Protein chains: 2
Amino acid sequence: MKDKRDDLASQIEELVSFANKLADTSRMQILKAMNKGFRISVKTDKSFVTEVDVNTESLLRKVISDRYPDHSIVGEEFSNATINSPFVWYLDPIDGTEEFVNGIPTFGTIIGLHYFGLPVVGIIDHPALNIRSIGAYSRGTYCNNSQIKLDNIDIKSSIRLGISKRTNFLRQGNEGILFDKITSSFPNIRIFDTCFAYTCAANGSLDAMLDYNVRSWDIAASQILIEEAGGKFLTIKKSAEEPSLAIVSVVFGKNEIVKQISESLTEN
Amino acid sequence: MKDKRDDLASQIEELVSFANKLADTSRMQILKAMNKGFRISVKTDKSFVTEVDVNTESLLRKVISDRYPDHSIVGEEFSNATINSPFVWYLDPIDGTEEFVNGIPTFGTIIGLHYFGLPVVGIIDHPALNIRSIGAYSRGTYCNNSQIKLDNIDIKSSIRLGISKRTNFLRQGNEGILFDKITSSFPNIRIFDTCFAYTCAANGSLDAMLDYNVRSWDIAASQILIEEAGGKFLTIKKSAEEPSLAIVSVVFGKNEIVKQISESLTEN
């Protein structure tokens, strides 16, 4: 079967370059705010939001609408219009706002472009760490300009698994027992609680990441980053089809490890 | 009762400056190695060691012996002579070698000076993050030159606890159930698996850190960093009195949180 994304061959370079420009814009806003300080508030779900999250997403939305008025946009900080374009931009200007507010540099900007539901471009940018990963359909995955091939990276120690904090496993009923089971089976565990874990899975620094009960904008860049690096991206569950509403759980990283974790999740 | 460390009043400035010089030396070695590459091997306990760990500790030992020939030294990478001085330098040139080898920037150098068993100077330096914390007896704790007062930092969200990876809880018999219990009681958990968690506890970015079954050089800087910032450092258990042999478990950070975690550890 034909992959719809092949229709984009002539546009993809331009889309990648535009996505990079969005990441540059976001990074500039964030670094500026880190220098001069920013207001923090608490959202109704008790998570943090800063004026930087809101202003940056607002700016990115404007830049996209100016250039591609027909494209749809789904982002964390604004209510999302119905998707009425095959092109959808996913935006999370600061993934890990709790870390940003607490001075931990692992937060980052997530930008994903999907086409008919298939990921085309994915960027995760860490302004405070000066690390950017970018993956694009049929063009490979790069971290700070080095191409990543997950199959070429040896697994040098016991499996290094990133996982969501236990809080995530309590969001849709109490699934804490799954956190306990996975951390028992894979005790060499890391919890960063930001997209830095996705970056680490995408460049092979972690063998895989199990991300539990998150939103579409959180993982909008991960699939293309992983697949273009030769790894595996697996959806475990999804609460709805509508991307702006769905709560999703995914595991991704090196093929063999994703298989092991997926088996461990389903066995009794 | 008199604190023996008060005897050092006239020397402390010199000792702090010397400890900073050691951290500079370590950072230079590490950054140089990151640029030109390095050899990796696996130790008998299956943990990683690189030529950078060994060469840096060797260099730091020489610098200390040249300046303070009477001081004792306890470090991770060499067999440790009997302690025969009231002054003991603890050295861990790369804490988090597994992360260092895998390209995760949270590793760091730990340097601690103790006097008659009491911590006098503690430094944790993160070359790849450009973050250095330093604490010294009666002189306060500073992170990149900003003084830290843990009591002045609000707890803005659910308790943010750093914890050792589950692997650590399996080192002295199977205490995995304790990991499960703590992560259940404090689900907003982070696992960095390097001294970056100590840095975060010392500067208030995490509310506390529960470090389980580690060695004396791992935590040699944490007590003075925390106490001079106005926080609490509590030893939970210790396998031996001899610092070069002991396996220790500690919890440290903001006073109220350390109290809560310590209570949670002891209740049935």
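Predicted model: local features only at pLDDT ≥ 70, side-chain atom pairs only at ≥ 80, totals over all residues.
Student: In which hand does α1(B) pass α2(B), right-handed or left-handed?

Tutor: The crossing of α1(B) and α2(B) is right-handed.

Student: Which residues of α1(B) meet which residues of α2(B)?

Tutor: From α1(B) come B:E14, B:F18, B:K21, B:L22, B:T25, B:S26, B:Q29, B:I30 and B:A33. On the side of α2(B) they meet B:V52, B:T56, B:L59, B:L60, B:V63, B:I64 and B:R67. Sorted by class, the residues of this contact are nine nonpolar, four polar and three charged.

Student: Now a second pair. At what angle do helix α4 (residues 176-185) and helix α7 (residues 255-266) of chain B pack?

Tutor: The angle between them is about 135°, and their axes are 10 Å apart. That value makes α4(B) oblique to α7(B). The crossing is right-handed. B:L178, B:K181, B:I182 and B:S185 of α4(B) form the contact with B:I261, B:S264 and B:L265 of α7(B). The classes here are four nonpolar, two polar and one charged.

Student: How much area do chain A and chain B bury between them?

Tutor: The size of an interface is often given as the accessible area lost when the parts come together. For chain A and chain B the buried area is about 2700 Å², with 57% of it on carbon and sulfur atoms. Each side is counted by residues too: 31 from chain A and 31 from chain B take part in the contact.

Student: How many salt bridges are there between chain A and chain B?

Tutor: A salt bridge pairs a side-chain nitrogen of Lys or Arg with a carboxyl oxygen of Asp or Glu, within 4 Å. Between chain A and chain B the count is 10. A bridge joining residues of these two chains is that of B:E98 with A:R160, at 2.5 Å from N to O.

Student: How many does a search of the whole structure find?

Tutor: Over all chains the search finds 44 salt bridges. Within chain A, the side chains of A:R27 and A:D125 form one at 2.9 Å, N to O. A:R27 is in helix α1 (residues 12-36) and A:D125 in strand β6 (residues 118-126) of chain A, so the pair ties together parts 98 residues apart in sequence.

Notes
Residues numbered from 1 in each chain as written. Chains lettered and ligands numbered in written order. Heavy atoms only, no water. Left-handed = near helix turned anticlockwise from the far one by under 90°. Helix = DSSP H or I, 4+ residues; strand = E, 2+ residues; numbered from the N terminus. Contact = heavy atoms within 4.5 Å. Nonpolar A, V, L, I, M, F, W, Y, C, P; charged D, E, K, R; others polar. Buried area = accessible area lost by both parts, 1.4 Å probe. Axes fitted to C-alpha atoms, helices over the stretch in contact; angles between N-to-C directions. Parallel < 35°, antiparallel > 145°, perpendicular 65-115°, else oblique.
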